[in-house]
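Here's a quick tour of some strand pairing and one annotated region. Have the viewer open as you read.

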Amino acid sequence: MRTDTPQTIYRKDYTPPGFLVETVELGFDLDPQRTIVASRLTMSRNPDSKVRAIELHGENIVLVALRMNGKTLSKRDYRLDDKMLVIPEAPDEVTLEIETLTAPAKNTTLNGLYVSNGNFFTQCEAEGFRNITYFPDRPDVMAKYTVMLRADKAAYPVLLSNGNLIEEGDLGDGRHYAKWEDPFKKPSYLFALVAARLVCQEETFKLADGRSALLQVWVEEGNLDKTDYAMQSLKNSIRWDEERFGLELDLDRFMIVAVGDFNMGAMENKGLNIFNTKFVLANPRVATDIDYAGIEAVVGHEYFHNWTGNRVTCRDWFQLSLKEGLTVFRDQEFSADMIGTDSGRAVTRIDQVRTLRQAQFPEDAGPMAHPVRPDSFVEINNFYTVTVYEKGAEVVRMYQTLLGRELFRKGMDLYFERHDGQAVTCDDFRAAMADASGRDLTQFERWYSQAGTPVVRAEGRYDADSLTYELTLTQRCPATPGQENKLPFHIPVAVGLLGADGSDLHLNVDGLDAVTAVLELTEATRTFRFSGVKEAPTPSILRDFSAPVVLEYDYTDTELLHLFSHDSDPVNRWEAGQRLAMARLLKLTAAVAKGDTLELDTTFIEALRKILADESLDAAFREQALLLPSESMIADQMDVVNPQAIHQARQFVRRTIGEALQVDLRAQYDANQTPGAYSPDALSAGRRGLKNLALAYLASTSSEEGIALAQAQFDSAGNMTDRVAALGALIHAGAASAQAALQAFYADFDNEALVIDKWFAMQASAPATGLAAVRALMRHAAFNIKNPNRARSLVFTFCVGNPSQFHAPDGSGYAFWAEQVIALDALNPQVASRLARSMDRWRRYAPALQAHMKKALQKVAGVKKLSNDVREVVSKSLA
Ligand code: ARG
Ligand code: ZN
């Protein structure tokens, strides 16, 4: 455990490494208590560096032996502290032999080499490799790896590492070995090993160039009935990358391994992806439509990293979005293409917009705000954020919007042509896009360097005499920590104009002739002139959410209702409904706080009724259109947040809709049944989504019909999607039968860890679940704080997903938060730090709540042995 004050690392301080590594030979004698790691490195002086010394990182490991060019080094030849091993004097060509000792079973951080359910796994991104052996653990050091694994054969029959298996056999005394060789150079963060009792589903798959590859999905024995969808998703990913980007699998073998204890979603280790079980295991009995979609997206994501991340990697961790933003964009496009229809694609886009607003905009407006390419950090693990990932994906999407698909593809081709096998920067990516397209993307750089969500204000003016419509766009960006003043961004704003009959008008602007124009706003303010506009239009601005900004336009209700009924752009059509809903939710929240009577206008309800019944629209779209903004999204629109008032207002709206549209909801409930065998395809999932949203509305009224419907669905559900939807409806309605249903659910699935996670999460998010009930659940035999999925399902869900209870006026929720952050930090700093983030925006609450929150933050900050991870988050929150 570190006790020194955490150090801030700056992007501007980047210097190339003094030595490069050509080859790495690793030998592992695996033992849970005492694993010996022997490493043999061939290194040579880097002509591009001024650093003289060999600098190796190493943490939480014991140095047993150190030889340079065959000669054992004495303590006078090197410096060693708890972070670094430095050899000041070394010849230009060096062979280092290093022996270290670790205790994987004691490693609760799930970083480096660790044990989960008796099996060995590794997680090395970002800086986990230094917990395994001394090494220049930085992504710009790329080397070829050969790995020898030795372990007990009965306990660990399966021995895996990156690349190709070149040798295996028995060692006697019950041990065996396997030797792996990765033909590609890679940075240390992509190293992985697995030594485990596992089984696999495998398949030989034909690649586009005629080669074939062995694909494997490794899981514990009891889960072999849950690997089909991950395998199918892997095959789809390989095909898609061949077709859309011309990128092929470069290995003979590609493995996915599932592990129950994992800090994040998954990891793209070369040829040996390691996954949280949550993103591998599925069958209709245990997984929901959302789980299936998550598996497809994450399998795709990790696979796509093989090119965007592995073949071309990051020079330093400030460039993280180079691989993550790009790879999220790629997995988003993959998921959209797998649906295949324009309307299906739009629904995936709506989901992305919701994620941005729900998580990224708040991050960008809080104390941890940082640019897509950060300038500094204390702990890099704190920067695996929605800004680096999701906003980073938006930045990549904007290149495609600005250049068009064809030139964007040319830019990608040029990027790989220039940088295959290299560790590069976000500027290199931008240069490839600029050079391939001939476009000047200098100003576009500000999307990487400036934090904060830009606000675009739009004002329209129609002149009937000259038939011109003027749209004036003005941008500003709020200050963020360390960045008081911002310069204008290069913003693509896609615009359409609707006529009175709801159809798109033909646009003439900047020489363009289309129904949607991509306006490029590069100045602080600019007026765009549309000519030949025959009637006063309703503007549809920021179509398909063409930039990650907040759009301000003083729409009237009439205009919004017009867009909600007619906009040809589904994202803006949905958006109009969200604006109508948000205005009402905010008004009602104020009314709750004042004790006024609550009322919801029939105009809004009738608009919803029309959409709900419109069979020309996909069920998935109608579901999105009827989904209200979340409580935290409402909170984001308020100067002083009142969580209980928000909750009551939103409940009121739900109930009122449920009552007013009872007949229509019931009709959709009946019309969108999906009889026959379960299929996770988007069309079926969309129908279930709409049906289950209808059920939630019907049950929210606590009517006999609604409760009976939920109970009947719970009892007869043929798949997990329908089962959890019914159980959730019963719990949220406070139905008398909810407890019995929860018990039955538990009894049915007590062997399925991922389902028990849902069981905890559903209770933790229920508005009736207070802190006492959460504490009782923590004493449940199935609760285990060391397992990240379980901790997230109960503790995180309560702190993040149950605002009206978490923000109890007495501050008890915050005291609980502090207690849990501290307890988790002693075990697993990465997980603790994620929970610590949930108190980020404490300054937005009423003074009485703020006082309690500050006390809780100070309590955590006052802990002496705090990790850098949590220290950075709480000190930035308090700053
Ligand atoms: N590169 C992984 C992914 O996005 C995430 C790994 C992050 N791990 C961490 N400890 N920060 O697919
Ligand atoms: Zn990633």
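## Around β2

Let's start with Leu26: its bridge partner in β12 is Val147. That contact belongs to a parallel pairing in which seven bridges join β2 to strand β12 (residues 142-152). Strands here are DSSP runs (E, at least two residues), numbered from the N terminus, and two of them pair if DSSP finds at least two bridges between them.

Strand β2 (residues 19-29) also goes antiparallel with strand β3 (residues 35-45), over ten bridges. Phe28 has Val37 as its bridge partner in β3, and a hairpin takes β2 into β3 through five residues.

## What you're looking at

This is a predicted model, so to speak in its own terms: local features need pLDDT of at least 70 and side-chain atom pairs count only at pLDDT 80 or more, while totals for chains, interfaces and linings use all residues. Residues are numbered from 1 along each chain as its sequence is written, with chains lettered from A and ligands numbered from 1 in the order in which they are written.

## A three-strand sheet

There's an open, antiparallel sheet with strand order β4-β8-β7. β4 (54-57) and β7 (79-80) are the edge strands with a single partner each, so one side of each has no neighbour in the sheet. Four bridges link β4 to strand β8 (residues 84-87), and His57 finds its bridge partner in Met84 of β8.

## The annotated domain

An unreviewed UniProt entry annotates residues 452-554 as "domain: Peptidase M1 alanyl aminopeptidase Ig-like fold". Positions follow the numbering used here, feature names are shortened, and annotations may be inferred rather than shown by experiment. Over residues 452-554 the chain is 0% helix (helices being DSSP runs of H or I, at least four residues) and 49% strand. The end C-alpha atoms of that stretch are 22 Å apart.
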